Amino acid sequence: MTGEQRKIVIIGCGRIGAPMLAWLHNKKDLPYDIIGIERDFALVEKLRNGTTGWYEEGLDSLLQSNPVHIIVTARPDQVINQDLWDNVAMAIICLGSPVDDHGNPQVDAIRKLASQVPAHVPLVLRSTVPVGFTRELNTLLDRPVYFAPERILTGQALAELDKL
């Protein structure tokens with residue numbers, strides 16, 4: 001592991017994760033390999049071919065000019081190459097949070113996914129979650145979990161990421 005490039009893993013490469021993945025991957029001054037993990041094979045194929053299927057200003061051209069590395073799997077803990085998790089500086093979870101009939105975010109999928117990421121990897125949540133959920137995960141997983149609110153305007157994610 002000595003001398004190996006550190007990594008940032010983006011879990012979920014949809015409308016929040018894909019811009020984050022491409023934006024970080026394009027930052028050549030960052031000393032990290034940027035790797036995406038996504039379960040939707042059709043989406044991965046689109047991203048690998050430089051398109052998203054939705055409007056996001058500049059994202060398709062960024063993907064075309066600088067292809068990203070994405071692994072297809074439904075379970076991050078079962079990535080074929082377990083070495084992926086060696087030397088990971090952080091995992092950023094970018095999953096959608098469906099809401100129930102009362103408008104409350106449903107976070108069971110995020111909770112389950114977070115528990116599948118190896119224990120030595122710090123987690124950052126970039127999903128819409130209820131107040132107290134990050135603290136709940138800190139306690140449940142007994143490790144650092146950080147929250148970076150998802151506040152991206154559709155179509156303007158890359159421009160907003162540059163301003164954060």
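Pro 122 is located in the loop that connects α4 and β5, where helices (H or I, at least four residues) and strands (E, at least two) are DSSP runs, numbered from the N terminus. The model described here is predicted, so local features need pLDDT of at least 70 and side-chain atom pairs count only at pLDDT 80 or more, while totals for chains, interfaces and linings use all residues. Residues are numbered from 1 along each chain as its sequence is written, and side-chain values use heavy atoms, with hydrogens and water left out.

With a relative accessibility of 25%, Pro 122 counts as partly exposed; buried means under 20% relative accessible area, exposed over 50%, and partly exposed in between, for a 1.4 Å probe and protein chains only. When neighbours within four places in sequence are left aside, Pro 122 is in contact with Ala 89, Met 90, Ala 91, Pro 144 and Tyr 146, contact being defined as heavy atoms within 4.5 Å. Pro 122 and Lys 28, by comparison, are separated by 94 residues in sequence and by 23 Å in space, taken from C-alpha to C-alpha.

The strands of the model form an open sheet of six, in the order β3-β2-β1-β4-β5-β6, with parallel pairing; two strands pair if DSSP finds at least two bridges between them. At the edges of this sheet lie β3 (69–72) and β6, each of which pairs on one side only. From one strand to the next, the twist averages 25°; axes are lines fitted to C-alpha atoms, for helices over the stretch in contact, and angles run from 0 to 180 degrees between N-to-C directions. Helix α5 packs on the sheet, where it touches β5 and β6, and its direction makes about 170° with that of β6.

Strand β1 (residues 6–11) has five of its six residues buried, and is therefore largely enclosed by the rest of the structure. Its pairing with strand β2 (residues 32–38) is parallel and extends over six bridges, with Lys 7 standing opposite Asp 33 of β2. Strand β1 is also joined by five bridges to strand β4 (residues 88–93), again in a parallel arrangement; in β4, Ile 92 is the bridge partner of Ile 10, and Ile 93 is that of Ile 11. Together with helix α1 (residues 17–26), β1 and β2 make a right-handed β-α-β unit, a crossover being right-handed if, with the strands pointing away from the viewer, the path from the first strand over the helix to the second runs clockwise.

In helix α5 (residues 133–141), the buried residues are Phe 133, Thr 134, Leu 137 and Leu 141. These residues lie on the same side of α5 because they cover an arc of only 100° around the axis, the arc being that of the directions from the helix axis to the C-beta atoms. Arg 135 and Thr 139, on the other side of α5, are exposed. The buried residues of the helix pack against α4 (108–116), β5 (123–125) and β6 (145–147). Asp 142, which follows α5, has a positive phi, near 55°.

Three salt bridges are counted in the model, under the criterion that a side-chain nitrogen of Lys or Arg lies within 4 Å of a carboxyl oxygen of Asp or Glu. One of them connects Arg 48 with Glu 45, with the closest N and O atoms 3.4 Å apart. Arg 48 and Glu 45 are three residues apart in helix α2 (residues 41–48), so about one helical turn separates them. Arg 48 is partly exposed, at a relative accessible area of 37%, as is Glu 45, at 30%.

In helix α4, Asp 108 and Arg 111 are likewise three residues apart, about one turn of the helix, and their side chains meet in a salt bridge at 2.7 Å, N to O. Asp 108 counts as exposed at 54% relative accessibility, whereas Arg 111 counts as partly exposed at 24%. Arg 111 also forms a salt bridge with Glu 136, with 2.7 Å between the closest N and O atoms. This pair links distant parts of the chain, Glu 136 being in helix α5 and Arg 111 in helix α4, 25 residues apart. Through salt bridges that share partners, Asp 108, Arg 111 and Glu 136 are joined into one network, in which Glu 136 counts as partly exposed at 33% relative accessibility.
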